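Please open the model in the viewer and follow the selections below in order. Each stop names what to select and then describes what is there.

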Amino acid sequence: MEIIMIIVLKPSATPEEIQLFTDKLSSDYDVRINRWDGVHSTVLGLIGDTHTVDIEYIDAQDIVESVKRVQEPYKKANRKFHPENTVVKISDSVSIGDGSLHIMAGPCSVESEEQIVEIAKSVKKSGATLLRGGAFKPRTSPYAFQGLKSEGLDLLKIARKETGLPIVTEIMRTEHIDMFENVDIIQVGARNMQNFDLLRELGRTKKPVLLKRGLSATIEEWLMSAEYIMAGGNDNVILCERGIRTYETYTRNTLDVSAIPIVKKLSHLPVVVDPSHASGKSWLVEPLAMAAVAAGADGLIIEVHNDPPHALSDGAQSLTPEQFDAVSKKIFALKNALNVDT
Ligand code: PEP
Ligand code: MN
């Protein structure tokens, strides 16, 4: 047990008020309290279980001057309580987080059977171990292509049957969970990272969940979203850094490379990186993918389309199958070089 929170009381707090307050804290929460009385103020140190304590309640009390958490608010996702890396097993040959590198490749949107099967075959040949494609698409404009929806899911399953590649696709609504029963990894998109109802429901399943970082989410908020899924009993969470909003407009988002080692330090969950949505530009996918692998990513998501200029979504950031083949070779060469003991 460690100190989890420090509470500084106001100099005006009377011994009776302090006693009442500490009695209330020990009855409401599963904590022990250490108390230090200074000349002008009193400091309380709370020792116990991180996730039980409501910091806002404490901050709202009249006798409290300030309160500071000294331990992360997430528990199940925290490496402190689970030192070994989590490995998420997807199939007999695909385990994410085991030290190998997995590329999830495919079109932003599933458009037709021919398209998804052709792309699946070509990315498999180039080394991708998972097929990713969107059936339900969260689009900024309501007038843009919204995806083939359940038909798209069926087409992904056809492509899986043809290639043996496990499939990854995005869920947008809690009501759709049953429809995703047969999907190998359920993606929660950036816009849904804080859809807590959806996270909770996914926590009740045992399905691997790919949790994308929200557009403006801090690392702690992202890990708290993982905690929602894990709190329900589903430990199969894979985090995905996909770029965050910054003041830079040259790229679609800004890839936060530092998030990779930071999340790996704070959490035991695997981290994959999406250089396609991070950059919005196909020519930037290779350097960002290389940077992500060098920084320790367990996998990559790369958008690949057989005809990018005519893609129904995200054509500008999509690689052709030939470009993907070249990028993939470089990525695996880098991964091998990193694995060589020096
Ligand atoms: C996607 O992966 O196709 C997507 C919409 O990404 P994000 O949620 O990261 O914007
Ligand atoms: Mn996309």
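Select Cys108 and Glu303 first: both residues are buried, a term for under 20% relative accessible area, with exposed for over 50% and partly exposed in between (1.4 Å probe, protein chains only). This is a predicted model, in which local features need pLDDT of at least 70 and side-chain atom pairs count only at pLDDT 80 or more, while totals for chains, interfaces and linings use all residues. Residues are numbered from 1 along each chain as its sequence is written, chains are lettered from A and ligands numbered from 1 in the order in which they are written, and side-chain values use heavy atoms, with hydrogens and water left out.

Cys108 (SG), His277 (NE2), Glu303 (OE) and Asp314 (OD) coordinate the manganese ion (ligand 2) at 2.0 to 2.3 Å. Donors are N, O and S atoms within 2.8 Å of the metal (3.2 Å for Na, K and Ca); water is not among the atoms, so sites may look incomplete. Along the chain, the donors of the manganese ion (ligand 2) follow the spacing C-x168-H-x25-E-x10-D. Cys108, in the loop between strand E7 (102-106) and helix H3 (113-125), and Glu303, in strand E14 (residues 299-303), are 195 residues apart, and the pair links distant parts of the chain. Helices (H or I, at least four residues) and strands (E, at least two) are DSSP runs, numbered from the N terminus.

Stay on Asp314, in the loop between E14 and H10. Asp314 counts as buried because its relative accessibility is 17%. Its phi is near 55°, a positive value in a residue other than glycine. Most residues other than glycine have a negative phi. Lys149, in the loop between E8 and H4, likewise has a phi near 55°.

Next, display the aromatic rings. Rings of Phe, Tyr and Trp (its six-membered ring) pair if their centres lie within 6.5 Å; planes under 30 degrees apart count as stacked, over 60 as edge-to-face and the rest as tilted. The count comes to two aromatic pairs. Phe136 and Phe180 form a tilted pair, 5.9 Å centre to centre with 35° between the planes. Phe136 lies in the loop between strand E8 (130-132) and helix H4 (150-163) and Phe180 in the loop between strand E9 (167-171) and strand E10 (185-188), so the pair ties together parts that are 44 residues apart in sequence. Phe136 and Phe180 are both buried.

Move to Phe196 and Tyr228, a stacked pair at 4.5 Å centre to centre and 25° between the planes. Since Phe196 lies in helix H5 (residues 196-203) and Tyr228 in helix H6 (residues 219-231), this pair ties together parts that are 32 residues apart in sequence. Phe196 is partly exposed, with a relative accessible area of 32%, and Tyr228 is partly exposed, with 26%.

Finally, select helix H9 (residues 282-294) and helix H10 (residues 321-339), which pack at an angle of about 20° with their axes 10 Å apart. Axes are lines fitted to C-alpha atoms, for helices over the stretch in contact, and angles run from 0 to 180 degrees between N-to-C directions. H9 and H10 are therefore roughly parallel to each other; angles under 35 degrees count as roughly parallel, over 145 as roughly antiparallel, 65 to 115 as roughly perpendicular and the rest as oblique.
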